Amino acid sequence: MQSDTKPRWERRKDARPQELLAAALDLFVDRGYAATRLEDVARRAGVSKGTLYLYFENKEELFKAVVRENIVEVIGKAESDIAAAADASCSELLRTMLNKWWSEVGSTRASGLAKLIMAEAGNFPEIAAFYNDEVIERGNALIASILRRGVANGEFAPVDADLMTRVLTAPVIMLMLWSHSFFPCDTGSIDPEAFMAAFLDLVERGIRAPAPAALT
């Protein structure tokens with residue numbers, strides 16, 4: 001195994017963008033967009049504010065980088081996976097994609113970005129438009145493409161793919177918001193994994209194409 005021969009200062013410099021993104025994610029989720037200050041991000045990452053500006057021009061660009069690092073990359077990977085699975089069961093693809101959405105975004109700190117957007121979109125329309133274009137529209141298009149394929153091959157009942165996509169995403173978004181808003185004081189405690197399993201079973205039964213009528 002080849003050892004890392006870079007000097008310590010150089011390895012530290014290489015790591016700075018990732019450290020800044022991690023610090024920014026925590027602060028955006030904990031404080032919201034308006035209350036997050038660049039000097040606090042820099043301090044949490046252990047660098048100066050001037051160093052932060054070497055990588056990110058302003059708070060909006062930092063926020064976009066956080067979203068791209070934690071959510072958009074996941075969507076891009078899912079798009080590639082679906083394109084490579086042309087012959088896969090659409091039912092299984094849909095289950096896999098919704099599960100990945102929860103496991104790789106919904107159950108992580110990044111899910112707090114959805115709550116941030118909903119809370120602050122009116123005050124910061126630029127970041128809301130960015131989030132809509134790169135996350136919501138791309139994510140919805142991904143799910144709708146699976147639905148359309150399933151309808152076309154007879155695996156799913158005829159459904160409006162765009163409308164059904166919104167029906168399918170709403171419960172997962174609600175679970176994400178619930179995890180950041182109510183879990184700490186919810187004495188009933190929802191089990192997210194059990195929630196997702198029940199939801200996906202319901203989806204599969206609901207959109208499955210009906211069996212052909214038996215001949216008499």
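Student: What makes the crossing of H6 and H7 left-handed or right-handed?

Tutor: H6 passes H7 in a left-handed crossing. A crossing is left-handed if the near helix is turned anticlockwise from the far one by less than a right angle, and right-handed if clockwise. Helices here are DSSP runs (H or I, at least four residues), numbered from the N terminus. This is a predicted model, where local features need pLDDT of at least 70, side-chain atom pairs count only at pLDDT 80 or more, and totals for chains, interfaces and linings use all residues. Residues are numbered from 1 along each chain as its sequence is written, and side-chain values use heavy atoms, without hydrogens and water.

Student: Which residues make the contact of H6 with H7?

Tutor: Leu113, Ala114, Leu116 and Ile117 come from H6, and Ile127, Ala128 and Tyr131 from H7. Contact means heavy atoms within 4.5 Å.

Student: Why is H6 called oblique to H7?

Tutor: Their axes come within 10 Å and cross at roughly 135°. Axes are lines fitted to C-alpha atoms, for helices over the stretch in contact, and angles run from 0 to 180 degrees between N-to-C directions. Under 35 degrees counts as roughly parallel, over 145 as roughly antiparallel, 65 to 115 as roughly perpendicular and the rest as oblique. The angle of roughly 135° therefore makes H6 oblique to H7.

Student: What makes H5 and H9 roughly parallel or roughly antiparallel?

Tutor: H5 and H9 pack at about 155°, with axes 11 Å apart. That angle makes H5 roughly antiparallel to H9. H5 passes H9 in a right-handed crossing.

Student: How many residues of each class are in the contact of H5 with H9?

Tutor: Nine are nonpolar, two polar and four charged. Ala, Val, Leu, Ile, Met, Phe, Trp, Tyr, Cys and Pro count as nonpolar, Asp, Glu, Lys and Arg as charged, and the others, Gly among them, as polar.

Student: What makes a space a cavity, and what makes it a pocket?

Tutor: Both use a 1 Å grid over the protein atoms alone. In a cavity, a 1.4 Å probe fits but cannot get out. A pocket is an open set of points with protein on both sides within 12 Å along at least five of seven lines. The structure holds one cavity of 30 Å³ or more.

Student: Which residues line the largest cavity?

Tutor: Ser91, Leu94, Arg95, Leu98, Phe156, Leu200, Val203, Glu204 and Ile207. Lining residues have an atom within 4 Å of a point. H5 (90–106) and H9 (192–207) each give two or more of them.

How values were computed: Points joined across faces, edges and corners; volume = space filled by probe spheres on them.
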